Structures are given as C-alpha cells and as structure tokens.
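Trainee: Could we go through this model together, beginning with the fold and then turning to one helix in detail?

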Amino acid sequence: MGFFWIDRMSVMASQTPNPKIQLPDSDDGNSVVLERRTQKTQPPQMYQVVMLNDDFTPMEFVVMVLQEFFSKDREQATQIMLKIHLDGKGVCGVYSKDVAATKVDQVAEAAKKHGHPLQCLSEPID
C-alpha cells in the first residue's frame, strides 16, 4: 500500500495545473470594482526628552546620565548639563514616543537609585 501512495503522489506531482480561469459571461449588476488608492503614511510624532534643573543633583551625575542613557560623549554631555544648569532645562534627545518614555523612566530610576531628585520629561515636537 505504501507504494501506491508514492506512485499516486508522483503522478499528481507530474500533472500540470489547469491555468484556465473562467470569467462570468455577463455582468448581473452585482459586481463591485475596487479602486486601488495609494496611502501616504505620516512619519510618527517625535518627542524631545527634556531634563529639568534642580539644586540638589550633582552636575557629575547629570553628565553620567547623559552619557549612559543618551549616548552622549563627555563633551556633549557637559554642554547639555551646563544648558540645564543655566536655563533650567535642556533637551537630551529626540525620539519616538515609546523610546522617549523609556528614556524618561530610565533617568527617573537611576536618580531614585542614587537618591537624587533629578526629573526628566518628554514632550511632543510641533
């Protein structure tokens, strides 16, 4: 019986499918024609992560956070830290909504772990 199965399969595999497609001879009025429209997708809304100044978090900790979570080199991190210190806030980076929220959470967790009141937030870019 096993040979019958193999022989039957090889016969089925060697047959070519019938390419004929039958179309209805007349339109009964129930046909629907769909028009293909190209959709233009908008880029995702971007968010900037903003770090806020406080009088208690050491500047060196802010530089370390900028390096670790925002991939800034020492010079960039120092420049952003000084902007935060002088202007009261500074932009750490621009990301998609989920990534920005993750960065804010990472900063808050690191600050809490080290006992600092450092705050960070994300806001949409217009």
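Mentor: Helices (H or I, at least four residues) and strands (E, at least two) are taken here as DSSP runs, numbered from the N terminus. This is a predicted model, in which local features need pLDDT of at least 70 and side-chain atom pairs count only at pLDDT 80 or more, while totals for chains, interfaces and linings use all residues. Residues are numbered from 1 along each chain as its sequence is written, and side-chain values use heavy atoms, with hydrogens and water left out.

Trainee: Which pattern does the protein follow along the sequence?

Mentor: The secondary structure comprises four helices and three strands. Read in sequence order, these elements give the pattern α-β-α-α-β-α-β.

Trainee: Which strands pair with β1, and in what sense?

Mentor: Two strands are said to pair if DSSP finds at least two bridges between them. Strand β1 (residues 46-52) is joined to β2 (residues 89-96) over seven bridges, with M46 having S96 as its bridge partner. β1 is also joined to β3 (residues 119-124) over six bridges, where Q48 stands opposite E123.

Trainee: How many residues of β1 are buried?

Mentor: Buried means under 20% relative accessible area, exposed over 50%, and partly exposed in between, with a 1.4 Å probe and protein chains only. Across the 126 residues of the protein, 24% count as buried. Strand β1 is mostly covered, and of its seven residues the number buried is five.

Trainee: Why do the buried residues of α3 line one face of the helix?

Mentor: Helix α3 (residues 74-87) has 14 residues, and A77, I80, M81 and I84 are buried in it. Seen down the helix axis, the directions to the C-beta atoms of the buried residues of α3 fall within one arc, so these residues line one face, and that arc is 100°.

Trainee: Against which elements do the buried residues of α3 pack?

Mentor: The face turned away from the buried side carries the exposed residues E75, Q79 and L86. On the buried side, where contact means heavy atoms within 4.5 Å, the packing partners are β1, α2 (59-70) and β2.

Trainee: Which residue caps the N-terminal end of α3?

Mentor: Just after α3, G88 takes a positive phi of about 90°. At the N-terminal end, a side-chain oxygen lies 3.2 Å from the backbone nitrogen of E75, and the capping residue that supplies this oxygen is D73.

Terms used:
The expected span of a helix is 1.5 Å times one less than its number of residues. A polar contact is a pair of N or O atoms within 3.5 Å; within protein, one must be able to donate a hydrogen and the other to accept it, and residues adjacent in sequence count only if both atoms are side-chain atoms.
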